[in-house]
Amino acid sequence: MKRELLIFTLGAAVLSGPLCAETNDEPTARNAAYSVAGAFTNDGFSIREGHWTGRIEVGKPKIVQVNLYAGNQYWFSIGTTPAAKKVSLSIYDETGKPLPSEPYADNGKAAAGFSPEASGPYFVKVDETEGDPCTFCLLYSYK
Amino acid sequence: MTFLRRVGYGPRMIRNFRMLAGWAAALVLCATARAQTAADSAPLTSQEMTSAAKIDSFSIPTPAELMAALNKLGKPDWSDEIRPPIATNLSSRAQMALNLGGLIADGYIAVEAEDAQQVKNIGKDIMTLAKPLGVQQDILNRGKSLTEFAEHGEWIALKEEFESTQNEVKKAMIENKDQDLVTLVTLGGWIRGTEVISDYLSKHYTEAGAKLLRQPAIVRFLSDKVMNLPEKMRDDQALKKVRSKLADIETSVSFPRDHPPTVEAVKTLNTLTSDLMNELAKKGGK
């Protein structure tokens with residue numbers, strides 16, 4: 001019973017806001033990213049602990065290289081500080097060609113699902129399309 | 001999940017938290033999911049690709065990701081890939097860091113093999129190598145968790161523990177102004193991972209499996225990092241051995257997307273990585 005109560009309490013904390021009060025922007029963005037990525041753990045996805053953080057603003061996207069394996073499925077998840085209103089994620093192959101992905105976006109959070117057909121390098125572009133300059137955190141999950 | 005640990009939550013609580021967060025977010029996702037759409041943005045320019053961020057903890061996959069891909073192609077007997085214990089009384093810090101990365105990769109293999117005793121042995125060796133590198137205190141709790149989870153057969157939690165152990169080792173190295181050693185931990189882990197996968201594929205060859213060995217950007221990233229190490233470190237005997245083999249390894253993992261290596265080419269890669277790991281594990285490498 002205590003365990004269920006604990007789970008409920010933790011859940012309420014998740015739904016009501018950041019897990020703990022920190023003034024630093026990065027933990028805020030990271031919590032937001034984990035709240036998106038957490039959805040995929042029920043489907044057997046493991047969250048990679050490493051993450052990428054930085055600042056973005058409208059018209060100034062950021063790009064990171066990743067290395068993915070064919071056969072795996074991936075979800076990239078981004079969280080931001082409240083200044084961002086809309087963000088998006090795009091995935092490109094090693095030649096820079098945009099690739100289709102499963103999109104999700106909601107109030108400064110976004111995710112993109114992707115299953116590479118070939119192993120190798122890919123690029124993920126983080127874009128803010130509406131809002132003020134913000135801090136972002138990008139995570140990925142795989143299975 | 002390191003963040004949650006820092007604010008005082010234990011491993012089981014974190015998993016419960018994850019599950020609940022997952023359910024909550026899944027509800028939101030289900031309500032807003034859209035059908036898959038074709039990509040409609042412009043291609044990246046060569047300038048954008050060249051200047052893209054490349055980060056050790058994000059751009060270089062963990063051994064678990066490679067193993068997850070291979071697990072979909074069959075049911076590898078990972079216990080075949082467990083190697084005998086390596087020497088841990090090494091004198092060169094560079095050699096220690098390379099072997100520490102290799103040991104962490106061994107940890108993932110032991111977890112896939114569900115071999116509790118091996119997990120505990122590897123955890124002990126990791127702690128032994130971490131001491132002279134000045135990062136043992138930072139991962140003391142990880143060592144205890146590895147033992148505890150191994151005794152209870154908590155294999156999923158163990159994968160997370162090995163990833164967390166690697167991250168905390170690297171974080172401690174950065175804090176100790178040993179940033180260069182971080183590259184070597186990553187490099188040692190990647191070489192060991194590639195050795196194991198190429199060994200498996202050389203015995204159970206499939207084209208789909210061989211395509212997983214395509215990792216040109218990873219080895220290029222690591223080669224660049226090695227070339228930018230301080231001269232004194234680059235002259236370390238262990239690093240000299242790595243540098244002498246890295247170009248050949250890069251060639252072996254840089255094949256075109258639709259042309260997987262032959263079984264002979266996979267065996268060549270395995271020989272390269274296996275010989276290198278054996279050399280790196282030898283005492284007296286300074």
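B:Asp199 touches B:Glu81 and B:Asn270, leaving out residues up to four places away in sequence; touching, or contact, means heavy atoms within 4.5 Å. I start there, and then come the ground rules.

This is a predicted model, in which local features need pLDDT of at least 70 and side-chain atom pairs count only at pLDDT 80 or more, while totals for chains, interfaces and linings use all residues. Residues are numbered from 1 along each chain as its sequence is written, chains are lettered from A and ligands numbered from 1 in the order in which they are written, and side-chain values use heavy atoms, with hydrogens and water left out.

Back to B:Asp199. This residue is in helix H10 of chain B, residues 179–203. Helices (H or I, at least four residues) and strands (E, at least two) are DSSP runs, numbered from the N terminus. Is B:Asp199 buried or exposed? It is buried, with a relative accessible area of 15%. Buried means under 20% relative accessible area, exposed means over 50%, and partly exposed is in between, with a 1.4 Å probe and protein chains only. From B:Asp199 to B:Lys120 there are 79 residues in sequence and 24 Å in space, C-alpha to C-alpha.

A search of the whole structure finds three cavities of 30 Å³ or more. A cavity is a set of points, on a 1 Å grid over the protein atoms alone, where a 1.4 Å probe fits but cannot get out; lining residues have an atom within 4 Å of a point. Grid points are joined across faces, edges and corners, and a volume is the space filled by probe spheres set on the points.

The largest cavity holds about 190 Å³. It is lined by 21 residues, and the closest to its centre are B:Pro61, B:Thr62, B:Pro63, B:Gly189 and B:Trp190. Which helix gives the largest share of the lining? That is H10(B), with five residues. Helices H4 (56–59), H5 (63–71), H6 (93–112) and H9 (155–175) of chain B, along with H10, each supply at least two lining residues. By class, nine lining residues are nonpolar, nine polar and three charged. Here Ala, Val, Leu, Ile, Met, Phe, Trp, Tyr, Cys and Pro count as nonpolar, Asp, Glu, Lys and Arg as charged, and the others, Gly among them, as polar.

Now look at H5(B). Eight of its nine residues are buried, so this helix is largely enclosed by the rest of the structure. Among the buried ones are B:Pro63, B:Leu66 and B:Leu70. The cover over them includes H6 and H10 of chain B, but also strands E4 (74–80) and E10 (134–142) of chain A.

That brings us to chain A. Of its 143 residues, 57% are buried. Among contacts between residues at least 6 apart in sequence, 78% join residues at least 24 apart.

One sheet in chain A is open and has four strands in the order E3-E9-E5-E6, with antiparallel pairing. Strands E3 (62–68) and E6 (98–99) stand at the edges with a single partner strand each, so one side of each has no neighbour in the sheet. Two strands pair if DSSP finds at least two bridges between them. E3(A) and E9(A) run antiparallel and are joined by seven bridges, and A:Asn67 stands opposite A:Pro121 in E9(A). E3(A) is mostly covered, with six of its seven residues buried.

On to E5(A), which pairs with strand E9 (residues 120–131) in the antiparallel sense over eight bridges. A:Val87 has A:Glu128 in E9(A) as its bridge partner. A:Ser90 is also in strand E5, residues 84–92, and counts as buried at 17% relative accessibility. Which residues is A:Ser90 in contact with, leaving aside neighbours within four places in sequence? They are A:Phe123, A:Val124, A:Lys125 and B:Ser41.

Last, two backbone angles. Most residues other than glycine have a negative phi. A:Asn107 is not a glycine, yet its phi is positive, about 45 degrees. A:Asn107 is in the loop between strands E7 (102–106) and E8 (109–114) of chain A, and is exposed at 66% relative accessible area. B:Glu114 also has a positive phi, near 55 degrees, and is found in the loop between H6 and helix H7 (116–130) of chain B.

Terms used:
On a 1 Å grid over the protein atoms alone, a cavity is a set of points where a 1.4 Å probe fits but cannot get out, and a pocket is an open set with protein on both sides within 12 Å along at least five of seven lines; lining residues have an atom within 4 Å of a point.
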